[in-house]
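Welcome! Let's get to know this protein together through a few questions and answers.

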Amino acid sequence: MRGLILFAGFVIMLGGGIAVAAWPKAKAPVSGFSSDEKLANAYARVKPGMPSSQLSTIGFDTARAERLSKLALMEHFMPKDSATFDALDPAVQACYTEPADCNAFIFTAMGAQAVLLVQGGRVSWKNLLGVSVATKRKARMAARRMTGPSEL
């Protein structure tokens, strides 16, 4: 009898574990981009130094983006050694070391992710991940056609 109770308990716990593992996971936040190409096109139009208030005019909806505070940036992206920190872009170093307000907006589409670092209300650094070189090239060409070659 005791063995039967232990076996029933094991089956119940196993079933519960399978149910938890099969539970649907939360999707990545949707940033308003239906494809990697649209994200790359908008990303190509971002210029370091542009006010973050102008991001919406080129397609970035900051209300729908994942926003990381300065502390969250340090927790997630701060290098663990000084040599790696010294190799960072100066704008990223300034975000970590200067007292000014600094945060990041992360915009996602299908498999791509655009990270925009905003310091003092202006975009200070940008990075695009998960997009092919061909898509990046097409986005740069589209941005040139829209703004003219002298502005890029």
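Predicted model: local features only at pLDDT ≥ 70, side-chain atom pairs only at ≥ 80, totals over all residues.

Q: Which residue in β2 stands opposite R67?
A: Strand β1, residues 66–68, runs antiparallel to β2, and three bridges join them. Within this pairing, R67 has a residue of β2 standing opposite, and that residue is F105.

Q: What is the bridge partner of T108 in β3?
A: β2 and β3 are antiparallel and pair over eight bridges. They form a hairpin, with two residues between them. For T108, the partner in β3 is Q113.

Q: How many residues of β3 are buried?
A: β3 pairs with β2 over eight bridges and with β4 over seven bridges. β3 is largely enclosed by the rest of the structure, because its buried residues number seven of the eight.

Q: Which residue in β4 is the bridge partner of L116?
A: The pairing of β3 and β4 is antiparallel. Here V118 stands opposite V123 in β4. L116 has its own bridge partner in β4, namely K126.

Q: What phi does G120 have in the turn between β3 and β4?
A: β3 and β4 form a hairpin with two residues between them. G120 lies in that turn and has a positive phi, of about 60 degrees.

Q: Is G130 buried or exposed?
A: G130 is found in the loop between β4 and α6, the helix of residues 133–147. Leaving out residues up to four places away in sequence, G130 touches D36, G111 and A112. Its relative accessible area is 55%, and the cut-off for exposed is over 50%. G130 is therefore exposed.

Q: What distance separates the C-alpha atoms of G130 and Q113?
A: Q113 is the β3 residue that partners T108. Along the chain, G130 and Q113 are 17 residues apart. Their C-alpha atoms are separated by 6.3 Å.

Q: Which residues touch the most other members of the largest nonpolar core?
A: The largest nonpolar core has 21 residues. The elements that give two or more residues to this core are α2 (36–44), β2, β3 and β4. Apart from it lies another core, of twelve residues, including L73, Y96, I106 and V115. In the largest core, the residues that touch the most other members are L39, V46, L55, F60 and F107.

Q: Which residues are closest to the centre of the largest pocket?
A: The largest pocket has a volume of about 280 Å³. Of the 15 residues that line it, the closest to its centre are F77, V92, Y96, V115 and W125.

Q: How many nonpolar residues are in the lining of the largest pocket?
A: Among the elements that each supply at least two residues of this lining are α3 (70–77), α5 (90–97) and β3 (112–119). By class, the lining has two polar residues and one charged residue, while the nonpolar ones number twelve.

Q: What share of the protein's residues is buried?
A: Strands β2 and β3 are largely enclosed by the rest of the structure. The protein has 152 residues, and the buried ones make up 30%.

Note on methods. Residues numbered from 1 in each chain as written. Heavy atoms only, no water. 1 Å grid on protein atoms, 1.4 Å probe; cavity = no way out; pocket = protein on both sides within 12 Å on 5 of 7 lines; lining within 4 Å. Points joined across faces, edges and corners; volume = space filled by probe spheres on them. Helix = DSSP H or I, 4+ residues; strand = E, 2+ residues; numbered from the N terminus. Nonpolar A, V, L, I, M, F, W, Y, C, P; charged D, E, K, R; others polar. Core = buried A, V, L, I, M, F, W, Y, C linked by side-chain atoms within 4.5 Å. Buried < 20%, exposed > 50% of the residue type's maximum accessible area, 1.4 Å probe, protein only. Contact = heavy atoms within 4.5 Å. Pairing = 2+ DSSP bridges.
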